[in-house]
Amino acid sequence: MMQRSSMQGKLIVIEGIDGSGKRTQWRLLVEKLQAVGVDFPRYKQSMAGKLLKELLLTEDFQKLTPYLATLPYVIDQYLWWREEGKQQMAQGKWIIANRYVTSNVHQIYKLKGRKRNEFGKWFWKFVYQELGLPKPDLVLVLDVVPQVSTKLQETRNKRRDEADKDYAYQVAAYKGYKDMCGQEKNWVLVPCMDKNRLLTRVEINDRIEKILAKKKWLTQ
């Protein structure tokens, strides 16, 4: 059984487009590493999360400028960091997050050209420098193509928000995640497909463990 090799606190984020299996891998990793799990947005735990849950079901929210649309997410995560996360990290705990400020790649890639670059620069400076939120030690991006993730969502008995239903939006977000993995050394793609076959949850989790072991964060 794999165990953590470091007692230093770490923040590991599970990312990917809607329907890629983030929640499943998040739960598996939290259990295996006996880590602190945080699931964003915190729809039931914070006022910002409750507000966001309602907003996501409206068409108007998708039309907002990203400068406004990102705020409920960021407020929720800032409150978590101030009230819980900061102390947990100081105590040397590992935190596994299902999504984080990194999910706002979706909002960045709604834009194109100069507007995308301007907003991206503003956003990362805003969350990491001005608000002081911690950069993740590792962002694991589940690489499931939009065609597959969309079909998976359609088979689930789940109320879908407007962003989930917008295929072009999901395609843009997928490109954004892949671009970030090429630009940032702490963003890593986790291949979840074998040609046209989606790997099982166990196979994907094994690949995640190998990434952590390669960093020497895990031992047998």
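These legends go with several views of one predicted model.

**View 1. The whole chain and its elements.** Start here to get your bearings: the chain carries 11 helices and nine strands. Along the principal axes, its C-alpha atoms fill a box of roughly 50 × 40 × 35 Å. The radius of gyration is 17 Å, which agrees with the value near 17 Å for a compact globule of 220 residues.

**View 2. Inside the fold.** Of the 220 residues, 51% count as buried. Take the contacts in the chain with a separation of 6 or more: residues 24 or more positions apart account for 77% of them.

**View 3. The two cysteines C181 and C192.** You will find zero disulfides in this structure. C181 is in no disulfide, and its nearest cysteine sulfur, that of C192, is 11 Å away.

**View 4. The surface and its charges.** The accessible surface of the chain comes to about 12,000 Å². Carbon and sulfur atoms hold 51% of that area. Look too at the charged side chains, of which 40 are positive and 25 negative. The centres of these two sets lie 3 Å apart.

How values were computed:
Residues are numbered from 1 along each chain as its sequence is written. This is a predicted model: local features need pLDDT of at least 70, side-chain atom pairs count only at pLDDT 80 or more; totals for chains, interfaces and linings use all residues. Side-chain values use heavy atoms; hydrogens and water are left out. A disulfide is a pair of cysteine sulfur atoms within 2.5 Å. Helices (H or I, at least four residues) and strands (E, at least two) are DSSP runs, numbered from the N terminus. The radius of gyration is taken over C-alpha atoms; the globule rule is 2.2 Å times the number of residues to the power 0.38. Buried means under 20% relative accessible area, exposed over 50%, partly exposed in between (1.4 Å probe, protein chains only). Contact means heavy atoms within 4.5 Å. Accessible areas come from the Shrake-Rupley method with a 1.4 Å probe; for residues, only the protein chains shown count as cover. Lys and Arg count as positive and Asp and Glu as negative; His and the chain ends are not counted. The place of a charge is taken as NZ of Lys, CZ of Arg, CG of Asp or CD of Glu.
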